Amino acid sequence: MFELISYFNLINHSLNQLFQPNPYLCRQTANCMSEKILVIGANGQIGTELVSALRGIHGANAVIASDISSPNYAVRKNSGPYEIVNVLDKDNLHHIFDKHRPTQVYLLAAILSAVGEQKPKMAWDLNMTGLLHVLDFSVEFKISKVFWPSSIAVFGPHSPQYDTPQYCVMDPNTVYGFSKLAGERWCEYYFTKYGLDVRSLRYPGLIGWRANPGGGTTDYAVHIFHQALKTGKYESFLSAGTALPMMYMDDAIRATITLMDAPADTVSIRSAYNLAGVSFTPTELAGEIKKHIPAFEITYADSDPRQAIADSWPKSIDDSDAQKDWDWQLEYDLPKMVEDMLTNLKNII
């Protein structure tokens with residue numbers, strides 16, 4: 001009976017979300033209406049929300065969502081075009097470019113940090129070969145703008161850990177990290193050699209309620225909310241004092257669209273911009289959750305391979321270049337993020 005009630009609650013919440021006003025209202029300008037945007041990796045944590053935002057701006061038919069499998073519910077309910085795409089299948093990908101002739105491409109398909117350590121060669125192949133296919137076809141089809149996400153994983157144990165600057169020692173020690181670092185160099189190379197307008201952000205850990213995380217080291221900061229509401233307790237796979245930069249998904253989507261909307265002559269960095277978010281530890285996050293769920297308890301695992309990855313990453317990030325170049329400003333601090341996560345998740349858990 002409980003499962004049946006939960007199911008109907010989920011359906012009711014999903015229908016309510018379907019008819020909520022989109023936070024990214026459609027700007028029906030001539031330029032807006034002329035865009036055709038291909039999003040590769042639309043079923044993922046970022047892609048799910050980005051597709052919705054872009055369709056709110058440009059219209060549903062202007063945004064072609066795509067992934068290696070059928071669309072998830074959140075993408076499907078936005079009722080725009082969808083394609084099955086494998087970025088490693090060059091012929092299939094070329095056909096999609098030729099069929100839709102997009103003006104912009106967002107490449108989000110990737111294997112993330114924790115999963116990448118379990119499948120290192122697969123992670124390298126998908127993250128690198130997929131990017132090169134998209135860059136080559138973007139040159140061939142004269143794509144006006146390309147977005148590709150980088151990550152704070154490009155930094156390593158010898159990078160400055162606090163207020164990590166845009167330019168510093170970068171010695172990542174994970175497959176995910178050095179695939180992202182290599183990808184940054186390729187993006188800048190294609191901009192310099194071919195004039196391809198590639199733009200990128202070094203995302204911190206991303207936290208959102210609309211889609212599940214995809215196997216990253218910062219996933220605890222999403223799982224903890226689900227467990228707090230389901231069971232009132234959570235075992236963190238990261239230690240109590242592990243500080244990492246995090247960002248609420250609403251801010252991440254807004255940063256992505258703001259960067260892509262910026263005039264080309266204001267984009268001074270063609271590798272990837274630092275993006276800071278807000279830094280906190282599992283203990284600090286749990287303390288904020290306890291303000292809403294006083295009985296909540298957190299414990300910590302004795303050992304987890306993700307801890308070593310987290311220890312090699314920055315504790316805080318300097319994103320002053322993004323602030324200077326395209327007026328980036330964070331909206332969600334820790335208290336505001338926690339309140340919004342719990343408010344939304346309690347209706348679907």
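A residue counts as buried here when its relative accessible area is under 20%, as exposed when that area is over 50%, and as partly exposed in between, with a 1.4 Å probe and protein chains only. E184 is buried by this definition, because its relative accessible area is 1%.

The structure is a predicted model, in which local features need pLDDT of at least 70 and side-chain atom pairs count only at pLDDT 80 or more, whereas totals for chains, interfaces and linings use all residues. Residues are numbered from 1 along each chain as its sequence is written, and side-chain values use heavy atoms, with hydrogens and water left out.

E184 belongs to helix α8, residues 175–194; helices (H or I, at least four residues) and strands (E, at least two) are DSSP runs, numbered from the N terminus. Contact, meaning heavy atoms within 4.5 Å, joins E184 to W148, S150, V154, M170, R202, R270, S271 and A272, once its neighbours within four places in sequence are set aside. W148 itself sits in the loop between β5 (145–147) and β6 (150–151), and it is buried, at 3% relative accessibility. Not counting residues up to four places away in sequence, W148 touches L107, L131, K180, G183, E184, C187, R199, S200 and L201. Its C-alpha atom is separated by 21 Å from that of K324, which is 176 residues away along the chain.

**I37**

Strand β1, residues 37–40, contains I37, which is buried at 0% relative accessibility. Apart from its neighbours within four places in sequence, I37 is in contact with L54, H58, A62, V63, I64, Q104 and Y106. From I37 to H100 the C-alpha to C-alpha distance is 8.9 Å, although the two are 63 residues apart in sequence.

In helix α11 (residues 282–290), P282, L285, A286, E288 and I289 are the buried residues. Seen down the axis of α11, they fall within an arc of 160°, so they line one face of the helix; the arc is that of the directions from the helix axis to the C-beta atoms. These buried residues pack against α9 (220–230), β10 (233–236), β13 (278–280), β14 (297–300) and α14 (334–345). In α9, the buried residues are Y220, A221, V222, I224, F225, H226 and A228, and the helix is followed by G232, whose phi is positive, near 80°.

Two packed helices are described by the angle between their axes and the distance between the axes. Axes are lines fitted to C-alpha atoms, for helices over the stretch in contact, and angles run from 0 to 180 degrees between N-to-C directions. Angles under 35 degrees count as roughly parallel, over 145 as roughly antiparallel, 65 to 115 as roughly perpendicular and the rest as oblique.

| Helix pair | Axes come within | Crossing angle |
|---|---|---|
| α9 and α11 | 11 Å | roughly 30° |
| α9 and α14 | 10 Å | roughly 55° |

The angle makes α9 oblique to α14, whereas α9 is roughly parallel to α11. In the contact of α9 with α11, Y220, A221, I224, F225 and A228 of α9 meet P282, L285, A286 and I289 of α11. The residues of this contact divide into 9 nonpolar, no polar and no charged, where Ala, Val, Leu, Ile, Met, Phe, Trp, Tyr, Cys and Pro count as nonpolar, Asp, Glu, Lys and Arg as charged, and the others, Gly among them, as polar. Towards α14, F225, H226 and L229 of α9 meet M337, V338, M341, L342 and L345, and by class the contact of α9 with α14 has 7 nonpolar, 1 polar and no charged residues.
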